[in-house]
Amino acid sequence: MIIPRNGVIDYATALGDDALLAAQRMGEWIAAAPQIEEDVAIGNIALDLLGQARSLLSYAGSLEDPVRTEDDLAYFRDEREFLNVQLVQRPWSGSGERDFGVLVARMLLFATYQRALYAALATSTDETLAGVAGKAVKEVDYHRDHATMWTLRLGDGTDESHDRIQAALDAEWRYVAELFENDFVDPALVESGAAVDPATLRDGFDRRISEVLAEATLTVPEVAPAVTGGRRGLHSTSMGYLLAEMQHLARSHPGVSW
Amino acid sequence: MVTVRSAAPPVEQAWAAAAAVLDPEVPVLTIEDLGILRDVQVDDDDQRTVRVTVTPTYSGCPAMDAISEDVRSALLDAGFDNVCVAFVLSPPWTTDWISEEGRRKLEEFGIAPPGRARQDGVTALSLTVRCPQCGSPDTRELSRFGSTACKALWVCQACQEPFDHFKSI
């Protein structure tokens with residue numbers, strides 16, 4: 001079966017953008033976490049995600065005509081060309097002080113999703129995607145463990161920590177459904193075994209999350225999904241500010257190296 | 001022009017040169033000890049052209065550029081003219097590829113070597129991580145993420161010293 005090339009470009013770009021934007025947003029916590037060990041942990045997790053983004057975007061760019069590099073894709077695309085889900089790039093707080101609970105909740109949701117995705121993608125018929133996923137699955141396994149440990153600690157901690165992590169989960173949960181939307185994936189790509197249909201990952205995700213939340217004395221949120229559109233390049237206001245910060249150096253000084 | 005000096009076959013000379021390159025983040029280990037040097041091939045037609053294949057420990061390992069440069073210099077010094085360093089992700093690196101010699105060097109350097117790698121999401125239980133300073137098994141994990149992607153931070157309850165543990169992956 002032939003793997004459709006344009007389908008692979010979009011698919012690898014979307015997964016790469018998820019990892020890239022998650023890494024960039026997580027970086028805001030470095031030197032601002034509640035413990036120095038956590039600063040280090042977040043730095044390491046964001047670095048793993050950045051590495052995954054580099055592999056995926058390099059691959060997507062190599063298939064384009066003319067080819068683009070990972071830096072072209074990260075620094076010189078505009079907002080509407082990014083295909084990431086909205087979950088990963090939301091700001092840590094709408095107003096006021098950012099909450100560590102939001103970081104933990106989002107990390108739990110995103111790492112649980114990524115763990116399932118990469119485990120399935122590791123047997124992709126596309127050798128490059130299989131290679132990236134086979135490597136990444138071992139990394140996100142550690143991320144998921146880390147987020148699980150914090151969820152248990154906060155959920156089953158004090159009344160204050162319990163209420164805050166629950167509130168964070170309720171807010172983040174509105175963006176979970178978008179992780180499993182599959183209309184951006186070329187059906188021929190799934191059929192050829194190159195891509196994973198994200199919808200097939202939902203049951204395993206729900207099972208795992210409900211186990212963790214039950215143990216943490218938390219409840220699975222029942223909230224309506226947000227109106228999204230990240231996979232079509234529709235993002236929220238915060239995206240522009242994030243890109244401005246991420247892209248500014250490369251755009252103000254084209255060709256700069258450091 | 002530099003001529004290849006010794007009488008060993010070029011591919012063996014090339015391997016020896018690449019294998020001696022030290023990992024920049026754990027500079028007691030060579031890239032061969034670490035198990036990230038995957039392949040060395042010398043061109044059949046041009047014996048001064050060599051291709052070296054390396055795999056990263058983690059996707060985001062920031063040392064890969066430095067390793068690539070170090071491998072290139074080592075091979076140029078060994079008399080090769082055209083050096084290509086390629087990276088592959090598959091099969092994915094595992095700490096099980098660290099050699100016995102590498103594990104011994106890690107311990108001497110004060111880094112507790114890894115236990116067996118985790119299989120398919122199931123954490124392989126290591127009964128204890130021994131303190132590389134005093135040898136006590138009475139240790140505990142402080143943080144699963146340490147000074148570099150491949151290490152976790154532990155502390156010894158006997159001698160009170162913190163230490164790095166090369167985590168299984």
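1. Secondary structure. Chain A has nine helices and zero strands. Along the sequence the pattern reads α-α-α-α-α-α-α-α-α. Helices (H or I, at least four residues) and strands (E, at least two) are DSSP runs, numbered from the N terminus.

2. Basis. This is a predicted model: local features need pLDDT of at least 70, side-chain atom pairs count only at pLDDT 80 or more, and totals for chains, interfaces and linings use all residues. Residues are numbered from 1 along each chain as its sequence is written, while chains are lettered from A and ligands numbered from 1 in the order in which they are written.

3. Overall dimensions. The C-alpha trace of chain A spans about 55 × 45 × 30 Å along its principal axes. Buried residues (20 or more other C-beta atoms within 10 Å of their own, C-beta atoms being placed from the backbone) make up 48% of the 258 in chain A.

4. Contacts. Take contacts in chain A with a separation of 6 or more: 73% join residues 24 or more positions apart. Two residues are in contact if their C-beta atoms, placed from the backbone, lie within 7 Å.

5. One helix pair. In chain A, α5 (residues 127–155) and α6 (residues 159–173) pack at about 130 degrees, with axes 7 Å apart. Therefore α5(A) is oblique to α6(A). From α5(A), A:Thr151, A:Leu154 and A:Gly155 meet A:Ser161, A:His162 and A:Ile165 of α6(A). The contact residues comprise two nonpolar, four polar and no charged.

6. Terms for that pair. Axes are lines fitted to C-alpha atoms, for helices over the stretch in contact; angles run from 0 to 180 degrees between N-to-C directions. Angles under 35 degrees count as roughly parallel, over 145 as roughly antiparallel, 65 to 115 as roughly perpendicular and the rest as oblique. Ala, Val, Leu, Ile, Met, Phe, Trp, Tyr, Cys and Pro count as nonpolar, Asp, Glu, Lys and Arg as charged, and the others, Gly among them, as polar.

Conventions:
Buried ≥ 20, exposed ≤ 12 C-beta atoms within 10 Å, placed from the backbone.
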